[in-house]
Amino acid sequence: MAIPFSWQLINLLAALLLLIAFAMLAQRRVTALIGLYAGQGLVLAASTAAMARISGLPHLYVSAALTLALKVFALPWLLHRVIRRLEIRWEVEPLINIPATMLVGIGLVIFAFNLAEPISQMASPITRSTLGIATASVLLAFLMMITRRKAVTQVIAFLAMENGLFFAATSATRGMPLVVELGIALDVLVGALIFGIFFFHIRETFDSLDIHHMEKLKEH
Amino acid sequence: MSSSIDGINAALAATTAWLALGMLGLLRPHSVRWVGRVLFPISAALSLVLAGIGLASVLKAPQAAVLPLGLPDLLFHVRLDPLSGFFLFLLGVTATGISIFSAGYFRTGEGTPPGLMCFQYHLFLASMGAVLLADDAYLFMVAWETMALASYFLVTTHHRLPEIRQAGFLYLLIAHVGALGILLCFGVMHGTGWQFTFDAMRTAHLAPGWSSVAFGLALFGFGAKAGMVPLHVWLPEAHPAAPSPVSALMSGVMLKTAIYGLIRVTYDLLGTIRWEWGLTVLIAGSVTTLFGVLFALMQHHLKRLLAYHSIENIGIILIGLGLSLTYIGTGHPALGALGLAAALYHTLNHAVFKSLLFLGAGSIQHVTGERELGRMGGLARWLPRTAFLFLVGSLAISALPPLNGFVSEWLTFQAALLSPALESGVLRSVIPLAAAGLALAGALTAMCFVKVYGVVFLGAPRAPKETELHDVGRWEQTGMAWLAAGCVILGLAPVPMLRLLDHVARLLIGQSLGSQALRSGWLWLTPVAAERASYNPIVFLVLIVGVTLLTFVLVRRFYHGRLRRAPAWDCGFGGLDARMQDTAEGFSQPIRHMFGPVYEMERHLPSASDAKPRFHLEIRDRFWSVLYLPLAGLVEAVSRQVGRLQAGRISIYLLYSFLTTIFLLLFV
């Protein structure tokens, strides 16, 4: 049984998405992390476009274009600016060392696939794996958010999490209404801006972006 | 019919008018003249009117109404029946005296400005009125909590002192724990109908197990407010902290609203009464009584001492109620009616004499500026009227005939002595024990007030500055005189009072007091039968007055009749000074010795070789170390464990939400 080319393309892109998610989990340099984030955005835009082609829904092209503009160009540029201004290059030692994180990540992926199993049974056989991948990348991004110390990397993780959700929305369920997508895109942009402002405030207060210092805020 | 409807409207109008008076106080919050000379006298008149309304409604059939207030589907229900009428009478009579006293008491420059005090005071009064009138759980709880809050602010009038804030917090804490119990009790009692009117609760049929649960919750909740052991700890802290009229109001009336609530829930709403409840109340009451009086004896702070006596008297009331419940539960409603009447009578009596004593304590504090017994003495010389009125209160609380305290305690004894009528051997043996405890408490109370009166008013002044003192003003004297008159009248006219209480008993138990008790004319009080026991206060009065006069005349006639002024108790020794007098601590030392195991004592005795001999004694409440401190420790430990969740690290918080997500994904 030959699977149509565009389906194969989507599966490939989904696999790439998961791979990038793992790469982000393993990456310790902030600039590289932003590059990976942009790459993930590109994959996402491509898969959305492919989905638009298969389903023939024109508004998915719009959301693919939006993803491309926002996640490949605008947000990475914004983040680069921030780290240049804040002079952050390296992530300090993460809370859990990277191999251990990767192992936990594999566990999460298995968990996510198991979880998506009953739902995928109902979906078409081709999108079966995409939902699992989407869930897995959300969980991986969450894991990254937990294990990192710098506020910037946490924000990138947060944005990556949103990517996973977006992938689930477009690939597995053929997209949300355009209005919702526009809203989400705007939210992400505004959210990134707000985070940017917070970075400066955090650094002003603690002279560092290491969230370790925020433990001082705890009431004793 | 229309006149009864008018009764409830009038009661509501009076309650609302109190609220309005409080608001008026806010108009000129700093003017002592406006608040003291205008508002408080009006308030006293209003209280008198309310007392009249209450008295009239005791004789009438219950009247209910629905107010156009409250939540859309949950309107306020009110009802005025003999029970609430009786307590409104109590509230009115006591508040009259206290308001007159307050007119002269409040001055500027002491904590909360008088206008604000006036507002809180009247809010407190109005909420107590609303508690008594409420006919659904909703209005009851709203009024109950308003009462707790208003009194909290009154207690913390001098909120700049940390120990007063502490006392206020303790009071508020226990009040809330108690309110929780009451709320749960109502929750159990509504049955399955989700109707929170008292009418629905009256008709709801509860399984015996559930009704016992409801009773237990009610006893806990109302017991916390009343000061039942072991929930009494707030009383000795809050009463000394509050200004005296407020202590009087709290001790005299607010504790009684808890008794009202207990009676309302147990007799009226729960319906079928079980004797086990009676036994519980009886035991709790006996313990409370003895505990209260034993600790009162050890106090050397006047208002604290009175607070412990409030605990003791609540215990006496609970003994009466416990007897009544036991008798009803075992199928002797006529005896139950007697016990209830005794309890209600004592409720009213305690309201009157304890308010009087607190006002007296307030007067002493105002005049001398002292709170410790050890720094008073010989005050009768400068405060003759206060001394006399305080003496009346002391005699009443010591249950000496012909004053009112005796009548109700005697009635309680009469109820207890009827225990041979019961079938169960256990009850027959427990009740006399309770009666014996009551007798012991009565004697110890008398001893305690001999101590108080002796140390405060007699002897020589212990602190040097007591030489230029003036008795309190007319307002204060009138307020106290009103309450003292109440002590005398309630003591001299027990039969009319008993007739009044008969209406309440008939409403709640459906059973009249023995016909003998009511038929026996004005003079002779015979609760059961003439050959059993009877009491005539007038005869006592005549006898006491007669013997005194006779002695006086005999001494004047047959003794040499010459008058010689010399220092008392000098014994020819000479050089007496104030330090040679017996002190409060010394006077109660034998009791401290006899009941040693009850107290947690820290004592430092001077030895013969000390260069600077020092005597130090501290008596603590055992309940603190046995019950409250472990409880507080437990709560603290649990919160510390919970607090560990708050690591203050973002990663940890994120981990929480991560794990929660995984958990939800896995299981939901």
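Trainee: How many residues of chain A are in contact with how many residues of chain B?

Mentor: Contact means heavy atoms within 4.5 Å. In this structure, 15 residues of chain A are in contact with 14 residues of chain B. This is a predicted model, in which local features need pLDDT of at least 70 and side-chain atom pairs count only at pLDDT 80 or more, while totals for chains, interfaces and linings use all residues. Residues are numbered from 1 along each chain as its sequence is written, chains are lettered from A in the order in which they are written, and side-chain values use heavy atoms, with hydrogens and water left out.

Trainee: What area do chain A and chain B bury between them?

Mentor: Buried area is the accessible area (1.4 Å probe) that two parts lose on being put together, summed over both. For chain A and chain B the value is about 1400 Å², with 78% of it on carbon and sulfur atoms.

Trainee: How many salt bridges and polar contacts does the rule find across that interface?

Mentor: A salt bridge requires a side-chain nitrogen of Lys or Arg within 4 Å of a carboxyl oxygen of Asp or Glu. A polar contact is a pair of N or O atoms within 3.5 Å; within protein, one must be able to donate a hydrogen and the other to accept it, and residues adjacent in sequence count only if both atoms are side-chain atoms. Between chain A and chain B the rule finds zero salt bridges and zero residue pairs in polar contact, both residues being required at pLDDT 80 or more.

Trainee: Which helices of chain A each supply at least two residues of the side that touches chain B?

Mentor: Helices (H or I, at least four residues) and strands (E, at least two) are DSSP runs, numbered from the N terminus. The helices in question are α4 (98-122) and α5 (128-147) of chain A. Of the elements on this side, α5(A) gives the most, with five residues. By class, the side of chain A that touches chain B divides into 11 nonpolar residues (Ala, Val, Leu, Ile, Met, Phe, Trp, Tyr, Cys and Pro), one polar (the others, Gly among them) and three charged (Asp, Glu, Lys and Arg).

Trainee: Where are the domains of chain B, and how far apart do their C-alpha centres lie?

Mentor: Domain bounds come from an automatic or database domain assignment. For chain B the assignment gives domain 1 (123-492 + 502-540) and domain 2 (622-667), whose C-alpha centres lie 41 Å apart. Their contact takes nine residues from domain 1 of chain B and five residues from domain 2 of chain B.
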